[in-house]
Amino acid sequence: AGTCGPAPRRGTVPSILRELAEKRQLSEEIVSLLQAQFSDLPRELHSWKQMADYSPEMRQFVCLLHLYHIKAYDHLRKILPFPHPYSLTNWLSNNEPAAGFSSDIFLQLQEKVERGDQGYRHCAVLVQDVSLQKRQEWDPQTKRLSGFVDLGAGILDADEAPLASEAIILMAVGIWSPWTAPLGYFLVNSTSGRFLAQLLRQAINKLNNIGIVVLAVTSGASAHGAETARALGIKIDPRRIQCTFQHPPGSAHSIAYFFDVCHAVLLIKNALQCFQRVEWLGDTVWWQHMVELAALREQRVSELCSPESGRAGSKGSYHLKVNLATLLFSEGVAEALEHLQKLGLASFQNCSRTVKFVRLMSSLCDVFYGRGPYGKEPLLAGNYTKISNLFDEAKSCFVNLTDSAGRSVIKSRRKLGFLSFLLNAESLKWLSSNYTCPEGTPSHHFHIHAFSLDPLEQFLRALQQACGSSGSPTCSVFQAAYHKLLASCSLAPGSPHSSGNASPWDISLSQRRALTLGSIRAQYHPAPGRTLAPEYPYSAGLLLPSSALSNALTDLSLYTQSLTCTAGWVAEQLALDLQCEACLASLFEADESRLRCKSVLYIKKLGGMSLPSASVHHITSISEQVLNLYGKVGDANNNTELWHLCLEQKVFQELLGESPLFPTLTYHLFDGQLSINNHYTVLVKEITRCYLNIRTNPAQHLNLRYPCRRHKLKRLKGKYLFPSPLGSCQSS
């Protein structure tokens with residue numbers, strides 16, 4: 001097994017290809033493509049002896065054969081003087097803006113290494129694919145057809161050649177210093193683990209040639225990712241995990257392999273959802289507990305208020321509200337389940353084992369996200385023993401999980417997520433045992449994000465914005481966007497060149513949207529329409545520009561309650577799309593003494609409307625004052641985008657120098673990337689925008705069929721619904 005059999009007879013190149021196809025050592029599809037694309041290649045073997053004399057078509061032929069079928073390539077090297085595989089790297093590179101490795105990026109990296117910058121001495125390599133529209137287009141600049149497969153050595157544009165359907169992107173990420181470098185992209189029709197493995201080895205070899213040592217590789221936890229790992233020599237059998245591979249093969253240098261943690265968590269969530277229940281050491285982990293928590297509606301809890309508070313039985317009694325921005329596998333969910341069990345809710349009895357499983361997964365995520373009790377330096381000496389014990393506990397748990405029929409989960413069809421965590425744990429331990437931070441680097445620990453796809457996802461988000469659409473781009477649109485980003489690329493640590501308007505932390509957390517309680521509720525209980533409480537008809541009518549009542553003639557208490565109710569409605573609207581657990585909790589007036597975690601909130605209601613926090617109320621109050629001072633609502637000349645921006649600026653000026661807003665978010669500002677566009681500033685911005693949008697465009701948000709009574713409220717639409725980082729964040 002693994003051999004190519006006896007050497008074919010020495011003849012012409014076409015005859016050798018046909019013979020390999022007959023022996024099933026090359027697929028008929030590849031042979032047909034090679035013969036169609038390279039019909040003019042030299043037929044005689046002696047024409048292939050001198051590499052320096054290879055034409056562009058000969059180089060393209062050799063590269064294609066190597067990447068798609070390494071065994072056939074190695075076998076043909078016994079007959080033809082094909083170059084060593086690692087000599088092909090330069091043929092897969094381009095100085096011009098085209099597919100292949102970017103020579104300019106590698107030159108910039110080489111310059112930093114040669115200057116002695118230790119932070120660039122080691123890196124991880126990330127690989128991800130992007131879906132493309134299959135479309136043939138004419139390029140007026142090159143005067144050639146585009147949309148075909150291109151591996152960096154030239155476009156395969158024969159009539160029989162397939163159109164590209166994917167772009168494979170490779171990125172290098174600093175391990176000791178937070179720099180990122182997009183290494184290049186490759187346009188393919190279909191991909192396989194063996195193809196990706198060869199592409200990764202070419203990237204590693206090219207980095208080695210400029211003095212950069214690759215310590216880790218990360219791919220998605222997918223079928224292609226698993227196939228790539230196996231092709232490189234990784235073994236993920238739980239009884240014997242091989243977390244490293246050698247490069248070059250047979251050498252002493254080993255490289256660790258990681259699966260993206262976010263992908264792995266999603267697979268475990270899918271497994272639990274499909275099994276519905278799993279047995280763990282004689283007790284049961286129930287998926288239904290998660291569903292019941294996500295589906296829990298607001299419940300009045302005035303009877304739980306202490307007599308000393310003076311609030312029991314009052315009109316503004318507290319209501320229990322689930323924070324739907326909470327991650328499924330988090331300490332917040334564990335605390336919420338325990339709290340609801342103590343309250344005696346029938347749906348949450350016997351949830352102790354579910355709580356333990358959620359806490360275990362939460363701790364694992366804290367390590368690989370660089371958050372929680374381990375912080376951004378999970379591999380410090382003081383943490384290593386705790387983390388090692390945690391990994392042992394996780395392995396014991398995953399190995400012993402069974403479904404309702406007693407079958408092992410880790411041997412089932414839903415095993416990849418669990419195996420991914422076990423592999424990542426071994427890789428992280430191997431790295432910490434074999435490498436220490438060199439002197440002269442800006443930090444003294446691994447940057448844990450380097451072992452996830454988060455930096456590459458950040459680049460892909462900016463790439464999507466540059467493409468100008470949310471769907472799959474064509475080859476030409478993708479290439480134009482990629483080259484535009486590459487032109488502004490900076491390899492400086494922490495450079496925002498690929499972040500767009502969001503921090504890396506926000507981008508990584510936006511990928512976890514499918515892992516929140518809100519996503520679970522959306523699956524089982526689609527959100528119904530909402531209406532304003534009928535006992536507060538003035539809550540909208542008073543603030544409408546068409547109202548017959550003047551503010552000067554309106555009772556002050558009525559006006560104050562109207563402003564409060566509108567501010568509460570703003571908070572409810574923002575909460576629909578907000579994904580940050582801490583930020584969402586800060587929108588409402590809450591009784592923090594009841595439950596410290598932010599996954600279950602106790603909020604105060606005024607009739608049917610949630611009362612806003614003091615900070616939300618203050619921002620909307622200042623916004624109303626600015627609106628009264630600087631513009632007449634409803635004036636067509638004023639209601640423009642520029643006018644809105646001017647109003648926002650006036651609001652921010654009024655807020656400057658006042659007491660700090662959102663006191664619960666003080667430490668939250670230090671999460672993720674420190675920048676002016678953090679969650680605090682974005683939250684203020686979005687509250688202001690939402691309120692001004694309601695006040696200046698009331699007809700878009702209110703059904704005025706009942707002008708004095710019941711007003712239906714509609715969900716906000718348009719650009720003010722979180723195009724910014726606030727829509728993609730998560731609390732600690």
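## Helix packing and sheet pairing in the predicted model

Helices here are DSSP runs of H or I with at least four residues, strands are DSSP runs of E with at least two, and both are numbered from the N terminus. The model is predicted: local features need pLDDT of at least 70, side-chain atom pairs count only at pLDDT 80 or more, and totals for chains, interfaces and linings use all residues. Residues are numbered from 1 along each chain as its sequence is written, and side-chain values use heavy atoms, with hydrogens and water left out.

**Helix pairs**

Two packed helices are described by the angle between their axes and the distance between the axes. Axes are lines fitted to C-alpha atoms, for helices over the stretch in contact, and angles run from 0 to 180 degrees between N-to-C directions.

| Helix pair | Angle | Axis distance |
|---|---|---|
| α10 (residues 331-342) and α11 (residues 352-369) | about 165° | 8 Å |
| α8 (residues 261-275) and α13 (residues 416-434) | about 145° | 7 Å |
| α9 (residues 288-295) and α17 (residues 517-524) | roughly 90° | within 8 Å |

The crossing of α10 past α11 is left-handed (the near helix is turned anticlockwise from the far one by less than a right angle; clockwise would be right-handed). On the α10 side, the contact (heavy atoms within 4.5 Å) involves Glu-331, Val-333, Ala-334, Glu-335, Leu-337, Glu-338 and Gln-341, which meet Ser-352, Thr-354, Val-355, Val-358, Arg-359 and Ser-362 of α11. The contact of α10 with α11 comprises five nonpolar, four polar and four charged residues (Ala, Val, Leu, Ile, Met, Phe, Trp, Tyr, Cys and Pro count as nonpolar, Asp, Glu, Lys and Arg as charged, and the others, Gly among them, as polar).

A left-handed crossing also describes α8 and α13. Here Val-261, Ala-264, Val-265, Leu-267, Ile-268 and Ala-271 of α8 touch Leu-416, Gly-417, Phe-418, Ser-420, Phe-421 and Asn-424 of α13. Nine of the residues in the contact of α8 with α13 are nonpolar and three are polar, with no charged residues.

Eight nonpolar residues and one charged residue make up the contact of α9 with α17, and no polar residue takes part.

**Sheet**

An open, antiparallel sheet is built from four strands in the order β17-β18-β19-β20 (two strands pair if DSSP finds at least two bridges between them). Its edge strands, β17 (299-300) and β20 (609-610), each pair on one side only. Two bridges join β19 (residues 600-606) to β20 in the antiparallel sense, and Leu-606 lies opposite Met-609 of β20.

**Backbone details in loops**

His-247 and Pro-248 are linked by a cis peptide bond with omega of about -5°. The loop that holds Pro-248 runs between β13 (244-246) and β14 (254-259). Gln-276, a residue other than glycine, has a positive phi near 70°; Gln-276 sits in the loop between α8 and β15 (277-280).
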